[in-house]
Amino acid sequence: MRRNPTRAVQVGAIQIGGGAPIAVQSMAATRTQDIEATVRQVELIQAAGADLVRIAVDSSKDVEALAEVRARTNATLSVDLQENYRLAREVAPHVDKMRYNPGHLHHHEKDKSIDQKVGFLADMAELHDCALRVGVNCGSVDPRMMERYDGDHEQAIVASAIEHCDLLDGMGFQRYVVSLKDSDWKKVVAANRAFAKQRPDVPLHLGVTEAGMPPDGIIKTRVAFEQLIADGIGDTVRVSLTLPFEDKGKEVTVGRAILSDIAGGRFRSVPPGLDEGLNIISCPSCSRVENERFIDLAQDVKAMTTYAQEHDITIAVMGCRVNGPGETDDADLGLWCGPTAVNLKRGPEALGHYSYDEILDRLKVEVDALIAARGAR
Ligand code: SF4
């Protein structure tokens, strides 16, 4: 199969891009500071066949735990810096790759320019023999880009990725990959195509973020991967599914199965109306989940809303306060989970927070109101 002629990026023992087999990765969903659980999770994901395992780090305590996990596994490790890019100094010695989100670089050290912050990340990566991922995400787009493109997410995420590639290249740092993720598979396809057209040399990490639960989450991801990989786009993949911790290896086996089908020419057709009707998106969960009832809640929301199957309604269920508030904005109804309560939103409007026992009934009131307002499809 034809592949874009991307640069080779070394990540620990594996190569991404440059004609290497498409790498499959996943992310630990356990609390990083629970070292036993995180080591078990890394081993479980590795045993499922992952080339790379990612861990989220939000604090110095998480970094201490990461160092312990690093000492106890030989997995190729990547880390998700999210909002606190400054942790790169402490994190880089322990990992093979660091992901930063251009949309989160404005949170800390507001007196420093984006160039300075990216320069710091590139220096830390260089110093500790790490690769970087520029991970742009629909739910946390650089506000400057949103303004420049008048709220057009797709143009904004592509421009943000291109800007950071130019910055890193200008600094002489080329050991990076890029990802452009959205929960809408069509936007993932469009954004990655637009990016690859401008930068066919940069390796791409593909994923549909918050794809949700199987089987729907697998179908959305498969469709996106088929469209892109068959077109030569994509050097590493992550399937994001909402699953219990002990089933997280499924993200890897599903990723491998999709790649094998694409390589074998076994494509699924894309029937008209794939995206019509009820659409439930939910995050794959990670160490930031503050209450594990989130996973049951995602499943309960799906079961409770079966009666609304025929209605074009999108409900987003997110596991934490870090990405939950932003990544529910585009849904008709959004739920993001805190330690003891679930926050409910109608589009970007906050409706209040409810206990885990109350939230389903409250959500149903909103679903019924939407159905009444819109009528049946
Ligand atoms: S929404 Fe929060 S809990 Fe879910 S994957 Fe994203 S960061 Fe992790």
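User: In this predicted model, what share of the chain's contacts with a separation of 6 or more comes from residues 24 or more positions apart?

Analyst: The count takes in contacts in the chain with a separation of 6 or more, two residues being in contact if their C-beta atoms lie within 7 Å. Among these contacts, the part that joins residues 24 or more positions apart is 67%.

User: How does the radius of gyration of the chain stand against the globule rule, and what does the rule give for 377 residues?

Analyst: The secondary structure of the chain comprises twelve helices and 15 strands. The radius of gyration is 20 Å, close to the value from the globule rule, so the chain is as compact as a globular protein of that length; for 377 residues the rule gives 21 Å.

User: Which residues touch the most other members of the largest nonpolar core?

Analyst: Of the 377 residues in the chain, 49% count as buried, and the largest nonpolar core has 112 residues. This core takes at least three residues from each of domain 1 (9-263) and domain 2 (279-374). Leaving aside residues up to four places away in sequence, one of its members touches Val 79, Leu 81, Ala 88, Val 91, Ala 92, Ala 125, Cys 130 and Leu 132, and that residue is Met 98. The residues that touch the most other members are Val 91 and Met 98.

User: How many residues of the shell around the ligand are nonpolar, polar and charged?

Analyst: The residues around the ligand include Cys 283, Cys 286 and Cys 320, together with Arg 288, Asn 323 and Gly 324. Divided by type, the shell comes to seven nonpolar, four polar and one charged.

Definitions and conventions: Residues are numbered from 1 along each chain as its sequence is written. This is a predicted model: local features need pLDDT of at least 70, side-chain atom pairs count only at pLDDT 80 or more; totals for chains, interfaces and linings use all residues. A residue is near a molecule or strand if its C-beta atom, placed from the backbone, lies within 6 Å of it. Ala, Val, Leu, Ile, Met, Phe, Trp, Tyr, Cys and Pro count as nonpolar, Asp, Glu, Lys and Arg as charged, and the others, Gly among them, as polar. Helices (H or I, at least four residues) and strands (E, at least two) are DSSP runs, numbered from the N terminus. The radius of gyration is taken over C-alpha atoms; the globule rule is 2.2 Å times the number of residues to the power 0.38. A residue is buried if 20 or more other C-beta atoms lie within 10 Å of its own, exposed if 12 or fewer, and partly exposed in between; C-beta atoms are placed from the backbone. A nonpolar core is a set of buried Ala, Val, Leu, Ile, Met, Phe, Trp, Tyr and Cys residues joined through C-beta atoms within 7 Å. Domain bounds come from an automatic or database domain assignment.
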